[in-house]
Amino acid sequence: MRKALMLGAAASFFFAFTFILNRSMNLGGGDWMWSACLRYLFTLPMLAAMVWPGRGIGRTMKEIGKAPGRWILWSTVGFGLFYAPLTLGSVYGESWLAAACWQMTIVAGVLLTPLFGKKIPVKNLALSMLILLGIFLMQLPNLSRMDAAGSAEALLPVLVAAFAYPLGNRKMMELCGSRLTTIQRVFGMTLCSMPFWLLLSAAAWSRTGLPSAGQTIQSVCVAFFSGVAATVLFFRATDMVRHDQRKLALIEATQCGEVLFTLLGGILLLGDSVPAPAGLAGIGLIVAGMVLNSLAAA
């Protein structure tokens with residue numbers, strides 16, 4: 001369990017690059033559709049190179065051939081309906097706003113438990129709400145400077161992403177069992193989500209033409225840090241505890257670290273201000289929530 005927690009925390013660090021770089025691309029005039037599509041278009045060959053040894057591609061394709069419809073469906077949910085709305089949400093506010101709203105996935109993962117024949121782990125839900133309260137306090141000074149319309153526009157697509165990501169991940173874990181390694185499963189999901197990304201790429205091309213060189217380079221970075229490193233680490237962590245819904249909810253809760261890493265990245269790279277006292281109190285609640293979650297899982 002300790003190793004799974006460490007992998008989840010490491011994944012949250014690499015996921016933070018998503019929010020920072022997506023915001024950077026938006027400020028540079030890049031189309032959000034290209035930002036979303038390019039991540040997965042560049043991630044696919046990276047993952048293919050990783051699974052090529054040991055006939056990993058053939059094994060993955062054989063597994064996909066057993067249920068291609070379900071692979072395409074849940075890969076599109078877990079990757080397409082996760083990342084496209086998340087990228088859209090970054091258009092409407094700073095990187096911290098998308099990262100903070102995204103933490104709804106902590107509660108979403110707990111609420112989805114009944115879909116898999118299990119009871120909602122009430123203790124995990126209560127502790128996850130404590131983490132969300134900390135996130136709210138940390139972002140309160142920033143939220144007070146935003147109008148209601150801007151907050152809603154940023155919140156709605158990210159809420160869709162927050163439920164789609166754990167749903168697609170859990171459905172694919174259920175479908176694959178232990179027949180594929182984590183990297184093979186991520187490669188298969190990326191491959192099966194390609195129809196969605198190619199359609200979105202066509203829409204982006206018709207709307208704004210080809211992406212700029214700067215957006216393309218930053219998308220390569222997102223593909224490596226988030227599409228490969230973070231996704232493989234996180235999926236590996238969830239694979240390790242997939243038979244225990246309570247521990248699975250805890251691993252999903254480690255993603256609250258994205259807010260801290262995104263905020264820190266903003267301070268160091270973008271010159272953002274240090275959190276106000278309410279923000280520091282929020283950080284304390286997040287840490288307390290994670291510690292209590294760990295004790296509860298133990």
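The notes below cover the model, a helix contact and the cavities.

## About the model

This is a predicted model, where local features need pLDDT of at least 70 and side-chain atom pairs count only at pLDDT 80 or more, while totals for chains, interfaces and linings use all residues. Residues are numbered from 1 along each chain as its sequence is written, and side-chain values use heavy atoms, with hydrogens and water left out.

## H3 against H9

Helix H3 (residues 56-66) packs on helix H9 (residues 182-192) at about 60°, the axes being 10 Å apart. Helices here are DSSP runs of H or I, at least four residues.

On the H3 side, Gly56, Ile57, Arg59, Thr60, Met61 and Ile64 make the contact, meeting Gln184, Phe187, Gly188, Leu191 and Cys192 of H9 (heavy atoms within 4.5 Å). By class, the contact residues are 6 nonpolar, 4 polar and 1 charged, with Gly counted as polar.

## The cavities

There are 2 cavities of 30 Å³ or more (sets of points on a 1 Å grid where a 1.4 Å probe fits but cannot get out; lining residues have an atom within 4 Å of a point). The largest holds about 120 Å³, and of its 15 lining residues Phe15, Trp102, Tyr165, Gln255 and Glu258 sit closest to the centre. H1 gives the most to that lining, with 3 residues.

The second largest cavity has about 30 Å³. Its lining is Met173, Cys176, Gly177, Leu180, Thr181, Arg185 and Asp239, or 3 nonpolar, 2 polar and 2 charged residues.

Conventions: Axes fitted to C-alpha atoms, helices over the stretch in contact; angles between N-to-C directions. Helix = DSSP H or I, 4+ residues; strand = E, 2+ residues; numbered from the N terminus. 1 Å grid on protein atoms, 1.4 Å probe; cavity = no way out; pocket = protein on both sides within 12 Å on 5 of 7 lines; lining within 4 Å. Points joined across faces, edges and corners; volume = space filled by probe spheres on them.
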